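User: I have a model open and would like to go through it with you. Can we start with the ligand and then move on to the domains?
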Amino acid sequence: RLMQQADVVLYDNLVSKEVLELTRRDARRIYVGKQRANHTLRQEQINALMVELAKQGQRVLRLKGGDPYVFGRGGEEIETLAAAGIRFEVVPGITAANAAAAYAGIPLTHREHAHSCVFVTGHLKDGTMDLDWHGLARPKQTIVIYMGLLGLEALCRQLIAHGLAEDTPAAVVQQATVPQQRVVTGTLRDLAARVAEAGLRPPTLVIVGDVVRLREKLAWYEPQR
Ligand SMILES: C[S@@+](CC[C@H](N)C(=O)[O-])C[C@H]1O[C@@H](n2cnc3c(N)ncnc32)[C@H](O)[C@@H]1O
């Protein structure tokens, strides 16, 4: 219903064609996607554009992949609207961690394997990842890493250096939930090499923890077979 009401749609690169097609046919569609090396518009420009369009009296739909408040910069965008006195509504989505867990057969928590789960970003800043490694390398905890493909080798190395066993199970899920989904599993010791060999491409999610073992029994979506 809300998608049909929008006069202007600002959409990201993770929004599929099928979802975009749910917006009104005559709505103006503006691509504002950001990829690693190619930011069409800077975040501040996106924020400013939303405010400008709303002030013109347009109903603006900001269409994002997954959940806007999980590594989606939704918080910053809504803060800008709030500061400008523009009314808004936030519709939650299914974040990639939940989607990948279900479609790869990897429960994020499990009474026997994991009592907590943390989501972090593996995005590299100046070639390194600024993460609380001690906090991550806890027993019975699942770690989900968004944007972790490029730094995968360093990520696995750091987790081992901070106390996780080399044979801790780990997986990379490429393009979860769509026919291009591929899943590579291994351990912290060999995951990076296996993923490089398989040639996985973003978007991918890294899942680390004993729960990855459950995939052997729980995998059901195998589009590439
Ligand atoms: C900028 S974050 C946006 C996350 C989004 N807000 C969410 O809740 O899923 C983009 C990252 O999400 C992850 N991602 C998004 N869609 C994915 C998918 N279908 N399969 C695997 N990872 C995905 C990847 O790590 C990707 O680099």
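User: Which residues come nearest to the ligand?

Analyst: Bearing in mind that this is a predicted model, there are 17 residues around the ligand, and those that come nearest are Val70, Thr95, Ala96, Met147 and Thr204.

User: What lies 2.6 Å from an oxygen atom of the ligand?

Analyst: That is an N or O atom in the side chain of Thr95. Backbone atoms take part as well: a backbone N or O atom of Asp67 is 2.8 Å from an oxygen atom of the ligand, and for a backbone N or O atom of Ala96 the distance to a ligand oxygen is 2.8 Å. The ligand on its own has 570 Å² of accessible area, of which the protein covers 82%.

User: How do the residues of the shell divide into nonpolar, polar and charged?

Analyst: Ten residues of the shell around the ligand are nonpolar, six are polar and one is charged.

User: Which domains does the shell draw on?

Analyst: Domain 1 (2–83) and domain 2 (96–218) each supply at least three residues to the shell around the ligand.

User: Switching to the domains themselves, how far apart are the C-alpha centres, and how many residues are in contact?

Analyst: The C-alpha centres of domain 1 and domain 2 are 29 Å apart, and four residues of domain 1 are in contact with nine of domain 2.

User: What do domain 1 and domain 2 bury between them?

Analyst: They bury about 540 Å² between them, with 77% of that on carbon and sulfur atoms. On the side of domain 1 that touches domain 2, three residues are nonpolar, none is polar and one is charged.

User: How many salt bridges are there between domain 1 and domain 2?

Analyst: The count is zero, and the rule likewise finds zero residue pairs in polar contact across this interface, taking pairs with both residues at pLDDT 80 or more.

How values were computed
Residues are numbered from 1 along each chain as its sequence is written. This is a predicted model: local features need pLDDT of at least 70, side-chain atom pairs count only at pLDDT 80 or more; totals for chains, interfaces and linings use all residues. Side-chain values use heavy atoms; hydrogens and water are left out. A residue is near a molecule or strand if one of its heavy atoms lies within 4 Å of it. A polar contact is a pair of N or O atoms within 3.5 Å; within protein, one must be able to donate a hydrogen and the other to accept it, and residues adjacent in sequence count only if both atoms are side-chain atoms. Accessible areas come from the Shrake-Rupley method with a 1.4 Å probe; for residues, only the protein chains shown count as cover. Ala, Val, Leu, Ile, Met, Phe, Trp, Tyr, Cys and Pro count as nonpolar, Asp, Glu, Lys and Arg as charged, and the others, Gly among them, as polar. Domain bounds come from an automatic or database domain assignment. Contact means heavy atoms within 4.5 Å. Buried area is the accessible area (1.4 Å probe) that two parts lose on being put together, summed over both. A salt bridge is a side-chain nitrogen of Lys or Arg within 4 Å of a carboxyl oxygen of Asp or Glu.
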